[in-house]
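Q: I am learning to read structures, and I would like a close look at the charged side chains in this one. Please walk me through them slowly.

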Amino acid sequence: MPNYSPNGVRQLPPHANEPIRSYAPGSPERVSLQARLKAMEAECPEIPVVVGGKEIRTGEVAKAHSPHKHGHVTATYHKATAADVHAAIKASRAAWNEWSEWSWEERAAVFLKAADLLAGPWRDTINASTMLGQSKTVFQSEIDAACEMVDFWRFNVAFAQDLYGEQPISAPGMWNQLEYRALEGFVYAVSPFNFTAIGGNLAGAPALMGNTILWKPATTAILSGWNTLRVLQEAGMPAGVINFLPGDAAMISGIALNDPALAGVHFTGSTGVFNSMWSTIGKNMANYRSYPRIVGETGGKDFMLAHPSADVQAFAVGVVRGGFEYQGQKCSACSRIYVPKSLWPEVRDRIVAMIKDIRMGDVNDFRNFMGAVIDQKAFDRIAGYLADARKNASVIAGGGTDGSVGWFVEPTLIETKDPAYKLMCEEIFGPVVTAYVYDDDKWSETLDIVDRTSPYALTGAVFAQDRDAVREAHARLRHAAGNFYVNDKCTGAVVGQQPFGGARGSGTNDKAGSKLNLLRWVSARTIKETFVPPHDYRYPFMG
Ligand code: NAD
């Protein structure tokens, strides 16, 4: 290809958050999605490994299931072999030579087109994949797989333009410039099951900045991961820029993290897995050609705290939506609450009434507020926490499980007298909220308990009408959450509005969906050109 470098300071098309469709009864989007769900339930695609643009069927095949109907197979997928991983590293290097030299606007065009494809002709497919494969209700799927992924792709382009626009000043007689190069090597993107959009961003954000990628999707979200890749392919992503490697995480990581060309890791998932990847990288430091950029957004133990001045109904609704939507499987999900004694009876009764009202079941039935948890491993882990609560705390509502047809766990409210009880500290990743009731006059002490109770610091919320209480919570909980909410639930961050991520055990806090994240995927080169260089080595002071 001739090197194409058009003249012109190009303006981006305007961008705004993708509007969320309602899927209300009788709406055209509901009719269209329901038809797609029906069609896709009858399909069972065979998903290949993709390396250098070539589909590889390794013959080592596994099945993906619908969590709410685990007898139903949504797809089969081929697992990458060690040879495929090595081939992907080679393919990423070959693609890098061209892709990293494309003008950034040309790369941006691929993502802008992908966003429009996803918002339009692919919307039903990506939503149906996420509903059937990950058991999201239509609303949870729409805000993730459709709107958030579209937002990531559109907003990142604008953030990239902003970043590239950051240039140094120049003194007279010279021109100083910053060039934002791609990293030298490949980026290893490893995505979790719980957000389709995260896969599109973990692979997409470094690719936008000129990098080439090995993407290991979660196999519990393989159908939506595969369709994400197909959208990018249709948008014109060149072969080898994103190599798709479903399969054995430990084997794939073993090869990727040991390769001298590893330039970065873009991870979202549990803290333990991220820590193990970081240790492997640490042990290999002498082998890498550059210092790998390590970006990881990990676990959470997210809190909601009510002050005695709180709006009780708003708090209770926040807990129910924040704690039980997507079955509590959001990294931001509310999982511990702190309520003053004076408000507890009312808060408790309102949450219990809502729990009794919640419908849970097959996400094809749009009346359901909840589906199933992702797989048997998650189901068993959550059941273990519920068994512990029956012994060591009080189960106020819910607490039941039924794994006969799908992996269903009831929305559950637990009360404990011990603020350090393990259900107040550990990430459960299920629809379980544990409450600690504090004395009204112990507000300040409770803030300190909230801050030190768990190793995580992802999201948190305070509900109060009293402005001084809000100010005190801001100050004392400054490091307790990377996303902090006042009189709002602790979930539901929107790209461009609430850049997302936490510190402490919750990750490197590089804020997905912001310029801060893109900064990690470039290596700046400073260029100084002097127009008329000196011809005399001597300085005037020497006269
Ligand atoms: P997980 O850690 O089990 O898996 C995440 C990814 O890592 C998957 O692709 C998995 O296959 C891979 N993996 C597993 N073992 C590996 C290994 N040894 N080496 C390399 N990769 C390996 O997490 P999950 O269950 O998919 O997702 C839930 C977790 O993700 C929760 O802890 C949640 O808090 C976290 N999460 C965090 C954020 C955030 O922004 N902070 C967002 C979403 C999810």
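How many salt bridges does a search of the whole structure find?

A: The search of the whole structure finds 29 salt bridges. A salt bridge here is a side-chain nitrogen of Lys or Arg within 4 Å of a carboxyl oxygen of Asp or Glu. The general idea is that side chains of opposite charge can pair when their charged atoms come close. Before we visit some of them, please note that this is a predicted model, where local features need pLDDT of at least 70 and side-chain atom pairs need 80 or more, while totals for chains, interfaces and linings use all residues. Residues are numbered from 1 along each chain as its sequence is written, and side-chain values use heavy atoms, leaving out hydrogens and water.

Let's begin with Arg10 and Glu106, whose side chains meet in a salt bridge at 3.2 Å, N to O. This pair links distant parts of the chain: Arg10 belongs to the segment before α1, Glu106 sits in helix α3 (residues 104-119), and they are 96 residues apart. (Helices, H or I and at least four residues, and strands, E and at least two, are DSSP runs numbered from the N terminus.) Arg10 counts as partly exposed because its relative accessibility is 29%, and Glu106 is also called partly exposed because its value is 22%. The cut-offs are these: buried means under 20% relative accessible area, exposed means over 50%, and partly exposed is in between (1.4 Å probe, protein chains only).

Now move to Arg476 and Asp448, where the N to O distance in the salt bridge is 3.0 Å. Here helix α15 (residues 467-476) holds Arg476 and helix α14 (residues 443-452) holds Asp448; the two are 28 residues apart, and again the pair links distant parts of the chain. Arg476 has 34% relative accessibility, so it counts as partly exposed. Asp448, with 31%, is partly exposed too.

Another pair to find is Arg367 and Asp365, which meet at 2.9 Å, N to O. Arg367 is exposed because its relative accessible area is 57%, whereas Asp365, at 25%, is partly exposed.

Salt bridges can also join up into a network. Glu18, Asp116, Arg123, Glu142 and Arg154 are linked in this way.

Next, step back to the domains. The chain is divided into domain 1 (33-298 + 507-527) and domain 2 (302-486), with bounds that come from an automatic or database domain assignment. Taken over C-alpha atoms, their centres are 31 Å apart. Domain 1 gives 25 residues to the contact and domain 2 gives 30, where contact means heavy atoms within 4.5 Å. Between them the two domains bury about 2200 Å², with 60% of it on carbon and sulfur atoms; buried area is the accessible area (1.4 Å probe) that two parts lose on being put together, summed over both. On the domain 1 side, His68, His70 and Phe193 lose the most area to domain 2, together 25% of what that side buries.

How does this tie in with our charged side chains? The count between domain 1 and domain 2 is 1 salt bridge. Lys69 forms a salt bridge with Asp362, and their closest N and O atoms are 3.8 Å apart.

Glu325 lies in the loop between α10 (312-324) and β13 (334-340). Glu325 is buried yet has no salt bridge, and its nearest side chain of opposite charge, Lys330, is 4.4 Å away. For these charges, Lys and Arg count as positive and Asp and Glu as negative, with His and the chain ends not counted. Not counting residues up to four places away in sequence, Glu325 touches Gln140, Val320, Lys330, Phe369 and Lys489.

In that loop between α10 and β13 you will also find Tyr326. Tyr326 is not a glycine, yet it has a positive phi of about 45°. With a relative accessible area of 1%, Tyr326 is buried.

Asp302 is buried without a salt bridge, and Arg336, its nearest side chain of opposite charge, is 7.0 Å away. Leaving aside neighbours within four places in sequence, the residues in contact with Asp302 include Cys331, Ser332, Arg336, Leu458, Thr459 and Cys490.
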